[in-house]
Amino acid sequence: MTGDQPGYSRNEAGKDLMEGIDTTVPHSARIWNYWLGGKDNYPVDRAAGDAFLKAYPGMAAEARANRQFLSRAIRYLVIEAGVRQFLDVGTGLPTADNTHEIAQRLNPACRIVYVDDDPLVLAHARALLTSTPEGVTEYVDADLHEPDQILDAAARTLDFSVPVALILSGIMGHIADGEGPHAIVGQLMARLPSGSYLMLQDGTTVSQANAEAHQDYDSSGAIPYHLRTPAEIARYFDGLDVVEPGVIPIQQWHPEPAEPAEPFNDVNTFGGIGRKK
Amino acid sequence: MKIQVMPFTTGVAAGGAITLPRFAGPGIAGIVYLDQFAGALYPDKPADVQHYGQVMDRLCTRAEPPGSSRRYDVMIARGAVIISWRCRDWRSAGLLAE
């Protein structure tokens, strides 16, 4: 794009501005924003979010538990594992404690690359997720279906000769079985050096209510989200040294007594951390 | 504060300056601030707030990202929309005409 393009007419301009964000179908990042108490969502997202909660009331607590697990996992990676570089695919709309904020609070020199393919998410992330002066926070517009593009772009900010933590938090369900979700994770980890980590969490089919709520959601016109079994989630960590106590319900992973406990009635989201040998 | 620039050549339909404050509490309803020659308007009907929010979202996704390497003087030569983000407190879009 150059500065000397011919100007648009008013009508073309008006039409153009109506494209880009579809506010007629629910969008997963905006629904999560709604569940987490954010305001960057539309009526269609709130309606879909409410319909989901009606079918599966545990989801709001599950969404908060998802963020708490992310928090504990990043703390583990910085403090226990000494990781200084993070590749977070599926940024989502900014919430209270984002990956770079947790990591840079513990070590301001941490470098974080966020990846998303949604224009609204990227606009918010670029404007609101700001780095410490000592560290780096960068944003990449790329699709999880194209792992090599993600890695090529991330390599401009991260040093692949020292360990990187790959964060896949509630994102793998966007990849259908036929699109090889496990192969994609394998491709991403393959180019990271020994001593790198995988942190992954995702919804499972364990909760019948959750599975039914997802079926309704998938038929709402939204991009479908594919739930998997706990065994399929654990398989993402094949070949890695899984950090104890394993790939388990996220609420039970290194719980912290000081943390406000979310009601935990349903086993649903599974997650864990693995280290590349 | 982060600044985004959208040259008029990109295609603009903002109409006038818009400011969207962002209140921290989940229960606090949104409001729009529209600067006028004399005073200001504060639309607060949910439908209005949503409409202005949608316009703002579209401006933000169409504008050059903050920190763009493109030259600002070239981008704003024929007028532009300037979007400013003040932390998480507000987003504002203003016209910079020729």
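The model is predicted, and local features need pLDDT of at least 70, side-chain atom pairs count only at pLDDT 80 or more, and totals for chains, interfaces and linings use all residues. Residues are numbered from 1 along each chain as its sequence is written, while chains are lettered from A and ligands numbered from 1 in the order in which they are written. Helices (H or I, at least four residues) and strands (E, at least two) are DSSP runs, numbered from the N terminus.

- An α-helix has 3.6 residues a turn, so residues three or four places apart point the same way.

**α3(A) against α9(A)**

- Helix α3 (residues 43-55) and helix α9 (residues 208-218), both of chain A, pack at an angle of about 150° with axes 8 Å apart; axes are lines fitted to C-alpha atoms, for helices over the stretch in contact, and angles run from 0 to 180 degrees between N-to-C directions.
- The pair is therefore roughly antiparallel, a label for angles over 145 degrees, with under 35 being roughly parallel, 65 to 115 roughly perpendicular and the rest oblique.
- A48(A), A51(A), F52(A) and A55(A) of α3(A) make the contact with A209(A), E212(A), A213(A), D216(A) and Y217(A) of α9(A), where contact means C-beta atoms, placed from the backbone, within 7 Å.

**The buried side of α7(A)**

- Helix α7 (residues 147-154) of chain A has P147(A), I150(A), L151(A) and A154(A) buried.
- Their arc around the axis is only 95°, which puts them on the same side of α7(A).
- Their cover includes β1 (85-89), β2 (111-116), β3 (136-141) and α8 (181-190) of chain A.

**Between the chains**

- Helix α6 (residues 119-128) of chain A packs with helix α1 (residues 46-62) of chain B at about 80°, their axes 9 Å apart.
- That angle makes α6(A) roughly perpendicular to α1(B).
- P119(A), L120(A) and A123(A) in α6(A) meet D57(B), C60(B) and T61(B) in α1(B).

Note on methods. Two residues are in contact if their C-beta atoms, placed from the backbone, lie within 7 Å. A residue is buried if 20 or more other C-beta atoms lie within 10 Å of its own, exposed if 12 or fewer, and partly exposed in between; C-beta atoms are placed from the backbone. The arc is that of the directions from the helix axis to the C-beta atoms.
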